[in-house]
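Okay, thanks for making time, everyone. I'd like to walk you through one model today, so let me put it on the screen.

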Amino acid sequence: MKSTPLLKKFTQASIIASSLLFSQGSYADTILHAFNWTYDDVATKAQEIADLGYKKVLVSPAYKSSGDQWWARYQPQDFRVIHSPLGDTNDFKDMVNALKAKGVETYADIVFNHMANESSQRSDLNYPGTAVLATYTADSTYYNSIKLFGDLQQGSYGANDFHPAGCITDWGNPGHVQYWRLCGGNGDVGLPDLDPNNWVISQQQAYLQALKTIGVTGFRVDAAKHMSNYHINAVFNNDIKNGMHVFGEIITSGGAGDNSYDAFLAPYLNDTGHSAYDFPLFASLRGALGFGGSMNQLVDPAAYGQALTPDKAVTFSITHDIPTNEGFRYQIMNATDEVLANAYIMGRDGGTPMMYSDHNESNDNNRWLDLYKRSDVVGMVKFHNTAQGHGMQVMSFNDCIILFKRDHIGVVGINKCDNGQDVWVNTAEHNLWWNKNYRDVVGGADLQIINSQWHKFYLPGRKARMWLME
């Protein structure tokens, strides 16, 4: 990570002397990313999800798509019906209602940049294709019963609704990335790239409004990096955005000063007003926790552009693209580092944390299978929910550790190094309450801050501690 003049000005004494306060955004509750879960499965687990403390569930794209592979869900054939291996419109509605009954909201994954690559089956750009239209006709009663909008006897998009064919080659040029197709190489013609004309915009808005009517309260904009801000703002007008949490997926290699941030993410944030995946913070976490990194980088990364502002940030330690896409797998953290990263994003004040849980689609030995209910993760969600609304103050840090508190109710300590460290804290200076039991929600040793000005926090090597006051 590059050093900046502002970072060099930070000293441990000056930072500890001042309280670093971050305000929570209005969408700060934890999101469970139920990646590639069927809608029935989510509905069945609604009570469990609520009991574990999750407040929102992001589900995989809901429209007409075919094929059993997870990536087929990101190749829409028709927005007018929900019908895929994950379920149909009725399943989706039942899931939304089941979650809502338990106080949990539903977020939908939105794919508006392109349509499915069906070049191996046909040469035209009519969507849906004749094969899909034929299935509608053959079972018209059923398909009309699950219709979201429109006339299923007619097609939705034609050749005039797409940009000319051609694959992205200049990945640093926004015009090229947003106008040409995402291609897979080896002669692949790519995903047909939608042109944001008035018809396309109207159809996409009708789809979003249908999801809102069902009860969806948030939209994740997939591949937002590949859509112009004109397109995004035309679709997500004030009526669509009203009462919704909208956040874009714009993958960057870092924060301010990184070309991908400056060319793509910064303009998106400035021009749309949406939230976004906090890839700058993710890069800061990887840098701080990695070999040669320093935990100093996590004291206040937003102050020097290496994290998004709290009201705009969706924070994470892994996304579905990282393990399932060969080009991004280098970003997978060491498993222990990922636990430490989770403790940081769940312990800090600011941003909306997202926890990812899959079915081993990436073939990584079930690493993220049922992660949502792993004991340490459940404890972190509890800490986040309990501490929400309380300020954050960093008490101590060095290359190996960071120790911060959430007012008087919780303390988080993270040690990236192999050896344990004792951290002495002035309880009077930091307003820590005496004679209170603090329970470590991630399964370590509890503590009591006794009637003494100085208290020693022990941070074992390669561990996180998240103490909540009882």
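So, how many bridges join strand 13 to strand 18, and do they run parallel or antiparallel? There are 6 bridges, and the two strands run antiparallel. Before I go on, a word of caution: this is a predicted model, where local features need pLDDT of at least 70, side-chain atom pairs count only at pLDDT 80 or more, and totals for chains, interfaces and linings use all residues. Residues are numbered from 1 along each chain as its sequence is written, and side-chain values use heavy atoms, with hydrogens and water left out.

Helices (H or I, at least four residues) and strands (E, at least two) are DSSP runs, numbered from the N terminus. Two strands pair if DSSP finds at least two bridges between them. Buried means under 20% relative accessible area, exposed over 50%, and partly exposed in between, with a 1.4 Å probe and protein chains only.

Back to strand 13, residues 410–415. In strand 18 (residues 463–469), Arg465 is what Gly413 stands opposite. On strand 12, residues 401–406, there are another 6 bridges to strand 13, again antiparallel, and Phe404 has Val412 as its bridge partner. That hairpin has 3 residues between the strands, and Asp407 there takes a positive phi near 50°. How covered is strand 13? 6 of its 6 residues are buried. Gly410, Val412 and Ile414 point one way, with Val411, Gly413 and Asn415 pointing the other. In a regular strand the side chains alternate between the two faces of the sheet.

Strand 1 (residues 31–34) runs parallel to strand 2, with 4 bridges, and His33 is opposite Leu58. Strand 5 (residues 105–110) also pairs with strand 2 in the parallel sense, over 4 bridges; there, Val59 partners Ala108.

Next, Arg122, in the loop between strand 5 and helix 6 (130–138). At 14% relative accessibility, Arg122 counts as buried. Its charged end sits over the ring of Tyr127, 4.6 Å from the centre; the test is NZ of Lys or CZ of Arg within 6 Å of the ring centre and within 35 degrees of the ring normal. The Arg122 side chain also makes polar contacts with the side chains of Glu118, at 2.6 Å, and Asp124, at 2.5 Å. A polar contact here is a pair of N or O atoms within 3.5 Å; within protein, one must be able to donate a hydrogen and the other to accept it, and residues adjacent in sequence count only if both atoms are side-chain atoms.

Now the rings. Rings of Phe, Tyr and Trp (its six-membered ring) pair if their centres lie within 6.5 Å, with planes under 30 degrees apart called stacked, over 60 edge-to-face and the rest tilted. The whole structure has 26 aromatic pairs. Take Tyr63 and Phe79: centres 5.5 Å apart, planes at 90°, so that pair is edge-to-face.

Last stop: just after helix 12 (residues 259–272), Gly273 takes a positive phi of about 75°. That's my tour, thanks.

Technical notes
The expected span of a helix is 1.5 Å times one less than its number of residues.
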